[in-house]
Structure formats: structure tokens, C-alpha cells
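Open the model in your viewer and keep the selection tool at hand. The tour moves from stop to stop.

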Amino acid sequence: MDRMPKARWVASVMDTMSLDEKIEQLFMLSLYDNSREVDVAEVNRLLQKHNAGGVLVHGGKSSAQLQTALALQKNAAMPLLMGLNARLGAGNSLDSAMSFPSFAAMGAVQNTNYLYDIGKEVARECRRLGIHINMAPILDVKNGMVQGNEYEDVLSDDFGQAFAKGLTYMQGMQDHGLIPCYKQYPLASPVAMAGVGGGAASPHPKKGKLVAQLNFTEKGDEIADRSFLLRNAVPDTYLYEKYLKLEGLVFSDMLSPAEGDMGRQAVAAIQAGNDMVLAGTNISSAVEGVRAALKRGELSMADINQRVSKILSAKYLVGLDGYGRRLATTEEYASQEAQLLKQYLYEEAITVVRNQETLIPVRVLDTTSFASLSVNLTEPGTSPFQKMLDNYAPFTHYYIENSRKNINYNTLYKQISQFGHVMVALYEHPSKRKKEIDKELLTFLKFLRKKTNVTLVAFTPPQHLVELEDFPSLVCAYDEDPIAQQVAPQILFGALGAKGRLPVNASKTLAAGVGVSTRELARLGYSLPEAVGLNADTLQLIDSLAQWAIDEEATPGCQVLVARRGKIIWEKAYGYQTYDKESPITPSTIYDIASVSKVAGTMQAIMFLQERGTIELDEKISTYLPELKGTDKENITVREVLLHRAGLRSFIPFWSMTKDRRGLSDDFYRKEEEGDFNMQVAEGLYGISSLKDSVWQWTVDSKLLKKRGRRSPSWKPDYNYRYSDLSFFILHRLVERVTNQSMDAFLNQNFYDPLGLKTLSYRPLQKFPLDRIAPTENDRHFRNTLVRGTVHDEGAALYGGVAGHAGLFSNAHDLAVLMQMNLQDGIYGGDRYFQEGTVNRFTLRQYNDSRRGLGWDKPEYLRDGGPTAPEASYSSFGHLGFTGTSVWVDPKYDLVYIFLSNRIHPSARNTKLLTEGVRTKIQSVVYRAMNDYNGR
């Protein structure tokens with residue numbers, strides 16, 4: 001059946017209503033807490049007696065709201081208009097509901113399309129909860145200005161800009177089924193009236209007093225912004241009517257017992273031009289007062305009918321016209337989309353106010369030491385701001401819980417002034433509403449500024465910047481919201497560029513419109529899956545697969561990281577370091593990455609040296625390593641070694657050559673470090689310093705495999721493909737010989753330190769405590785101990801932990817940064833690490849009979865299986881590691897995938913992770929989550 005036209009529906013309903021039912025429609029009841037049974041019961045009791053027009057929800061839980069709304073609607077004789085203070089989202093009033101950035105942050109955004117989208121999301125969330133009216137003023141018009149109705153929370157000091165932005169925000173609500181409010185102070189009368197939206201007519205305040213004031217309190221509990229659009233015949237009213245074509249309902253403020261007779265208050269409110277009166281729980285007295293006023297002729301039936309008609313029209317507007325009392329929009333609210341929109345807004349809003357010394361974005365990481373200081377942190381400890389800083393550089397963190405307590409600033413100064421760059425996060429003082437910074441704190445910051453570089457980040461309203469205007473590096477982040485705290489460091493380090501502008505005049509020099517645009521440095525940022533075309537619900541399967549692997553004891557724990565289009569959208573840690581479940585895996589847990597060391601270490605060095613002409617791929621490797629001359633390895637080339645086509649054996653158990661009949665030979669080992677026995681092989685085991693040379697000589701003396709037969713085509717290499725760790729023993733020696741540096745020193749200097757990689761390193765026990773490193777095998781055949789913090793690979797252990805084929809340790813994050821640099825053709829953090837085309841040249845498949853690139857592994861294309869998910873594009877490159885690790889870069893889909901585990905704990909015989917394909921199954925989920933996947 002077609003929907004009845006509005007006018008016809010309104011008329012038909014009014015024809016069935018008694019006088020009392022019409023009068024009762026003029027009142028909204030109050031539900032003070034939707035989670036309190038006594039409050040809900042009271043409203044239901046009143047609805048049994050009175051045909052109220054609506055219910056204003058003041059607070060409670062978001063989880064209870066929809067069911068409460070359904071129950072109230074069912075109990076009401078006529079559909080109810082449900083109102084809520086959702087000025088910045090339902091979170092203004094309900095626990096665990098969404099709240100969007102402050103008006104000040106919105107005012108800083110230059111792209112107003114985001115404001116419309118926020119209005120849309122507020123509407124979607126409210127309608128999902130059964131709310132029809134946003135009973136909080138979005139615009140507050142006073143003396144020709146537009147301002148927020150909370151302390152210092154304003155869209156702009158400029159009337160035109162604030163008005164336009166406010167309208168855009170309101171329009172998003174209106175277009176998606178939520179009626180918004182604005183508030184306007186009368187210019188010539190003390191009468192205050194409240195209403196919703198615009199309308200065809202602007203009611204004039206009549207003589208008399210509107211009994212309730214805007215700054216009221218009730219039961220000692222102030223309910224902010226009860227919302228109530230003050231309407232008056234002022235020149236700007238037509239703008240609301242023109243751009244927001246609503247029904248123009250006008251609401252009074254709350255009836256107050258302190259003002260005396262409720263009936264008289266209700267009559268006065270109606271006489272003042274209000275359509276609906278907020279009665280609280282005093283509806284009985286209010287109805288009696290209006291009925292008596294009708295008899296006395298103080299009100300007419302025309303007055304009542306006009307208001308009831310407007311109320312019913314509003315109900316029709318929001319879908320309460322008898323068609324199942326529709327509560328929610330057909331367009332469902334999506335929390336992921338709303339969270340992403342909130343993040344986008346902060347990315348657009350956060351304002352670099354001053355950048356005189358160009359400290360933002362921070363570019364150089366390896367020659368600067370970093371510290372953070374958080375001031376007035378409500379929950380002392382590591383804040384979202386500090387945690388995000390840790391993703392970009394090694395930070396030491398400090399905090400001041402309350403700047404108004406006695407602080408030993410001298411001690412703090414001595415500690416923190418030693419750092420090269422200090423990021424100071426200023427939060428609003430718990431007492432709020434005080435712009436002034438504590439004088440001792442301000443003096444401390446000024447002294448600190450003279451000693452070292454200081455960047456101030458204010459998570460406060462911009463008006464609080466007034467005493468900070470002389471600081472040359474100043475950022476306004478507006479709100480303490482965790483998302484704002486996560487976005488700010490990304491701007492500081494160039495993962496994002498700053499775009500915001502101050503919406504208000506913070507001081508004489510920090511005027512509205514001030515803001516410095518900063519550039520992006522191609523560093524990894526953080527976002528939600530939807531931002532990069534991935535479905536978050538599909539990605540949840542990663543959780544299931546990781547947990548299954550742990551439950552099946554394929555590995556005690558793991559880390560999984562996914563980055564796409566330069567954004568980390570999945571970074572999770574699962575399980576424990578061991579099966580006794582005593583030490584949980586965290587994102588900072590460090591793993592032995594085994595053969596991933598080949599591409600994360602050795603190949604970075606080889607590509608660097610080749611592009612600079614230090615080595616040539618088709619040159620004999622004996623040219624660089626003369627000790628190979630006169631051996632069967634004299635004529636093999638660098639390229640053949642990289643392709644695993646040099647005829648080298650897969651591996652040699654060198655450790656067995658260091659044993660005698662009694663076990664490990666005293667010629668090679670000691671249980672304690674002494675003299676030349678200074679190379680740690682494992683806990684309680686030290687090798688002689690010449691052991692590395694012995695292993696190298698055994699490598700030189702090893703015999704090559706047989707060459708291809710004579711009938712092989714001349715264009716084919718002499719040797720078939722044979723994956724070999726010995727290839728990287730040779731490449732390691734090559735790197736150290738031509739650079740005259742140790743491998744670890746070379747990589748630290750040219751890659752790891754400049755990239756800010758804290759955990760990616762050889763010999764991690766030199767930098768990190770043992771409990772941060774996941775153990776590998778309980779070795780019963782060589783070291784006879786649990787291997788933890790020293791490399792698991794026996795050959796790399798004989799090299800003291802620094803080898804070409806193994807030895808590196810890392811967490812997932814640092815590997816992601818390194819792989820992202822390779823994905824970006826050698827560019828990261830504003831610096832170029834490889835020349836254009838180098839990475840592509842090394843990661844191309846070289847022969848049709850092998851999937852391999854130059855040193856890099858590739859997806860299988862000749863047969864099923866292989867090291868990657870079957871969905872991975874053929875342009876992908878990466879490597880696996882024996883300990884249960886995997887890194888893969890897919891240029892076609894702009895993707896980095898990292899999986900780290902210690903599947904060989906406590907025994908390398910545990911092959912479940914491999915046989916069950918856990919790494920590739922998780923990688924498949926990532927591709928299946930892509931909205932734009934179109935094959936290999």
C-alpha cells in the first residue's frame with residue numbers, strides 16, 4: 001500500500017484524537033537513565049496515563065537504548081518522538097557510544113565535505129538507537145556570532161564560516177533522518193524559546209516570561225545543552241529555513257519545580273511560542289494547567305491544533321506514521337566507517353601552528369635522541385600519543401600527572417634536557433576551563449626550549465595556546481581523543497601532512513586561519529582496513545586462524561602485520577612466547593627471523609653495492625674474494641650465487657666439525673667467556689674468535705655439485721637451481737670484504753638506524769632484555785640448552801650471530817618498515833635508499849624454470865603450492881624463515897604482509913605450521929578481504 005500523503009495522514013490522526021490526547025501531545029517526558037529500571041518504569045507509568053508526544057533521553061547505556069526505545073514505543077498510545085543530546089554523536093549522552101571531534105576540530109577542517117559526512121554518521125547512529133531528534137544545539141547564534149554551546153568549543157570566530165560549516169553538519173543529519181537543533185538568543189527580549197531546525201514561520205516571542213533558563217541544573221546534575229534552539233525573528237532566521245527545510249518545531253526548556261506551579265509554567269511556555277514543552281515527569285500538572293487555560297480563554301483550540309499538527313508532521317517526517325513505527329534507518333550505522341571518518345577528520349584538522357625551525361616533520365632519526373613529556377595525563381602511563389611515537393623512533397617517556405602539584409622541575413630538567421628532541425603533550429588540566437598554563441610549568445618549558453629542540457602538541461582547545469605563542473614548534477590537536485593522539489605523531493614524523501587551520505583567534509599572533517602545511521615523507525601511517533579497500537569483517541578470520549594455530553600447538557604465539565597503500569591496518573600479537581602461557585606475545589616481542597635475514601639483511605647490502613658499481617652481478621665472485629681462486633668456485637658469478645645456481649650444497653652442518661668423541665671440542669668452545677673465547681654461541685657457550693675463519697675455510701673447501709649434462713642448451717646456467725645457505729655465506733663474506741665493515745655495522749649505518757628500526761638487529765641481547773625475545777628450540781644435539789636471544793641457526797651461531805643467511809631478530813613492525821621502503825622503490829622517510837629501479841631489477845623472476853629472483857623468493861607459477869598464498873600476484877617478492885617467519889611484498893596490490901612466530905619451540909620437529917599452511921592461509925585472507933582484487 002502506498003504511503004499516505006503527510007497532510008492527509010496528519011488530518012486523519014487529529015480527527016481521532018480527544019482534547020486531552022491533543023494536549024498531551026504537547027509534552028515530552030524525561031527518561032533520565034535508560035539503564036535504570038526505576039527510571040524506565042516511571043516513564044512507562046506516565047505513558048499509560050498520558051498520550052505524551054515524546055521522550056527525551058538524558059543518559060544511560062547505548063546497549064540499552066534501542067530495546068528501551070522499542071519498549072516505550074510499544075507502550076505508548078501514539079508513536080513517540082525520541083530525543084537525545086547527540087551534539088557530537090550519541091556518546092555525548094550514552095556510555096560506549098560514538099563521539100566525533102569537537103566543534104573546534106571541525107572548524108579547523110578546510111574540506112567541509114567531512115562535516116556533512118559526520119552529520120550523516122551522527123544521524124545513522126541515532127536512528128539505529130531509535131532517536132529522531134538531536135536535542136542539542138548545533139549552532140548557537142549570539143550577538144551575530146556562531147559559537148558552540150560548550151566551553152570554548154566553537155566552529156569559528158568568523159560568523160560566515162561558522163554558519164556555513166554548522167549548516168553543512170546539520171544538513172548531513174537532516175538528509176539522513178535526524179532532526180538537528182540550533183539555538184538563537186533573542187536580540188530585544190529576555191524571552192528564550194527553543195526549537196528544531198528552520199521552518200516556514202519564525203514564531204515571535206510573546207510578552208511574558210519563559211520560565212526555564214538555559215543554564216539550569218536539575219537534581220544537582222547539570223545536563224549540558226538541553227538543546228533548545230532559541231527562535232526569534234532575526235534577519236538570519238531565513239537562512240535556516242532556506243537550507244534546512246524542517247518542520248520548525250519549537251521546544252521550551254524544562255519545567256522546573258523551583259519556578260512554582262507546573263501548569264502555569266506550561267501555559268506560559270506555550271504562550272511564548274513553543275510547540276512542545278519539556279515536562280520532565282511533571283506531565284499531569286502540566287496537562288491540567290493547559291486544560292484550565294483553555295477554559296479561561298488564555299489558550300485557544302486553534303493554538304493547540306496548530307501545535308499538534310506540527311508535532312504530527314515531525315513524526316511523519318521521521319517515519320512514525322503508522323508503518324511499523326520505523327525506528328532505524330534502512331542505511332545501517334557502521335562503526336568501522338564512523339571510526340574511519342573520525343580519523344579522517346582529525347587528519348584534516350590537526351594544525352601545525354608554528355614551525356619556525358622546520359622541526360616538523362621529523363626526518364632524521366639516527367643522529368637525534370627523542371623523549372616525550374605528557375602533562376596533565378589523566379591516566380599516568382603510556383598514552384596513545386606515546387605509543388604511536390614509539391612506532392617512529394626510539395623514545396624515552398616522561399609524564400606529569402598534575403602540573404599544579406609540587407613537581408621537582410630541576411630533576412626533570414636534568415633528565416629530559418639531554419635528549420635532542422622533546423615532544424611535549426599538553427592535556428587539559430583536570431579542573432578544565434582554565435586557559436592559563438601553570439607558571440612553573442611554563443617557565444620549565446621555556447628553559448627546556450633554550451637547551452634542546454621542543455615541539456609542543458596541545459590536546460586542548462585552541463584558546464589555550466595563548467601563552468605558547470612564542471614557541472617555534474607548536475601543534476594544536478584540539479581534543480584528548482585517542483584517535484587525535486594517534487594521528488598527531490603521524491603528522492610529526494611525516495606519515496601524514498598537516499592541513500588544518502586555527503578556527504579562532506587564540507592570541508594576537510595566533511589568529512584564525514593560521515596553520516602551516518607540512519609534507520608527507522612516505523613513512524608508514526596507521527588507519528582502518530576500509531581506508532585502503534579491505535573489509536574488516538573478512539580480516540577477522542586472521543584472528544581465528546592464528547588462534548587455531550596456537551590451539552593446535554603449531555606455534556605458541558605469533559605476530560601478524562598487514563600494510564596497504566602506506567597504512568598499517570592490522571598489527572596484532574597472539575598467544576604466548578611458550579606453551580606454559582606465562583609471557584604473552586606483544587607487538588614489541590622480538591623473534592629470530594631465520595632465513596628472512598637473507599632479504600632483510602644481505603640483499604639490502606648487495607643491492608646497495610651493485611647499484612653503486614662496487615660489485616657487478618656478472619663478475620666472477622673470486623674477483624672480490626681472491627681466496628676462491630684456484631678452487632672449484634673460482635668461475636662462479638655473483639648472479640649465479642644470488643640465483644642459487646652456483647652448484648653449492650644446500651648446507652653443511654659445520655657445527656659437527658667442532659665436535660670430538662666427547663662432545664664439543666675444547667679447541668673451539670668454553671663455557672665462560674675468557675681470552676680468545678669471546679664469541680657467544682649460546683647461553684653458557686663461547687666460541688673461539690677464529691671459529692668464523694674456520695667455517696669460512698670449510699665453505700671454501702666444500703665441493704660443488706655436478707654440472708648440467710652436455711646436452712643442456714648453451715643458454716642455460718651450468719647448474720640447476722639448488723637453494724643453498726652457502727650462497728649467503730659467500731655473499732656475507734663479499735659484503736664485508738668490499739665494504740671493509742662488518743655486516744651488522746654496514747646495515748645499521750645505511751639502513752636500520754636511518755629508518756628508525758629499533759628491534760631489527762643481530763645479537764639482540766646486546767640491546768634488549770632476555771624476556772622480550774621469544775625462545776626458539778630446546779637444542780639437544782649441539783648447544784644442549786634452550787636457545788633464546790642467540791641465533792637458532794647453527795651455522796650463524798658459529799659466526800657469532802652475524803651471518804648472511806640467518807642471524808637477524810626483529811618484531812613485525814620494523815620488518816614492515818624495511819619492506820615498505822623496498823615496495824616504494826627505495827624511498828622512505830623523505831630519503832632514497834636505493835636508486836630508481838634497483839628493487840625491481842632484483843625482484844624480477846630470472847628464469848622460466850625457477851620462480852626465484854636475485855636473492856629474493858617469488859610466488860610459485862609452474863605448479864601448485866609455493867611460499868605464498870595462491871592469490872599473491874606474480875610481482876610479489878619476499879622470503880620465508882625456518883623458525884616460522886614470512887615477509888611478502890606485493891607491488892600490484894601495494895601490500896606488505898608480515899608473519900612472525902617461533903614454531904620450532906620447543907622442538908624443530910614440530911612442522912604443523914608448515915604442513916597446515918598457516919602463513920599462506922592468513923595471507924589468503926588478506927587478498928580475500930580486498931574490494932579490488934582482480935587476480936594474479
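What follows is a walk through selected residues of a predicted model.

Stop 1: Select Ser96. This residue sits in the loop between β5 (94-95) and α5 (103-108). Is Ser96 buried or exposed? Ser96 is exposed, with a relative accessible area of 75%.

Stop 2: Go to Ala522. Look for it in the loop between α16 (482-492) and β18 (525-526). Ala522 is not a glycine, yet its phi is positive, at about 60°. The relative accessible area of Ala522 is 32%, which makes it partly exposed.

**Stop 3: cysteines.** Select Cys126 in helix α6 (residues 113-128). Cys126 is buried, with a relative accessible area of 0%. How many disulfides does a search of the whole structure find? It finds zero.

**Stop 4: a leucine in a helix.** Select Leu442 in helix α15 (residues 439-451). Leu442 counts as buried, at 9% relative accessibility.

**Stop 5: cis peptide bonds.** Select Ile360 and Pro361. A cis peptide bond joins them, with omega about -5°. Pro361 belongs to the loop between β12 (351-355) and β13 (370-375). Then move on to His905 and Pro906. Their peptide bond is cis as well, and omega is about 0°. Find Pro906 in the loop between β35 (895-901) and α27 (912-915).

**Stop 6: salt bridges.** Side chains of opposite charge can pair when their charged atoms come close. The count for this model is 33 salt bridges. Several are worth a selection.

- Lys310 and Asp275: their side chains meet in a salt bridge, at 2.8 Å from N to O. Lys310 lies in helix α11 (residues 301-317) and Asp275 in the loop between α9 (262-271) and β11 (276-280), so the pair ties together parts that are 35 residues apart in sequence. Asp275 is buried, with a relative accessible area of 4%.
- Asp779 and Arg783: the closest N and O atoms of this salt bridge are 2.8 Å apart. Asp779 is buried at a relative accessible area of 0%. Arg783 is buried too, at 7%.
- Arg662 and Asp660: this salt bridge spans 3.9 Å from N to O. Arg662 is exposed, with a relative accessible area of 74%. Asp660 counts as partly exposed, at 30%.
- A network: select Arg851, Arg852, Asp857, Glu860 and Arg863, which salt bridges link together.

**Stop 7: a charged patch.** Which charge gathers on the surface at Asp551, Glu552, Glu553 and Glu916? These residues form a patch of negative charge. Centre the view on Glu552. The loop between α18 (541-551) and β19 (557-564) holds this residue. Glu552 is partly exposed, with a relative accessible area of 37%. The tour ends here.

Notes
Residues numbered from 1 in each chain as written. Predicted model: local features only at pLDDT ≥ 70, side-chain atom pairs only at ≥ 80, totals over all residues. Heavy atoms only, no water. Patch = residues over 30% accessible without salt bridge, like charges linked within 9 Å, V, L, I, M, F, W, Y side chains within 5 Å. Areas by Shrake-Rupley, 256 points an atom, 1.4 Å probe, with all protein chains shown as cover. Salt bridge = Lys/Arg side-chain N within 4 Å of Asp/Glu carboxyl O. Lys, Arg positive; Asp, Glu negative; His and termini not counted. Charge placed at Lys NZ, Arg CZ, Asp CG, Glu CD. Helix = DSSP H or I, 4+ residues; strand = E, 2+ residues; numbered from the N terminus. Buried < 20%, exposed > 50% of the residue type's maximum accessible area, 1.4 Å probe, protein only. Disulfide = S-S within 2.5 Å.
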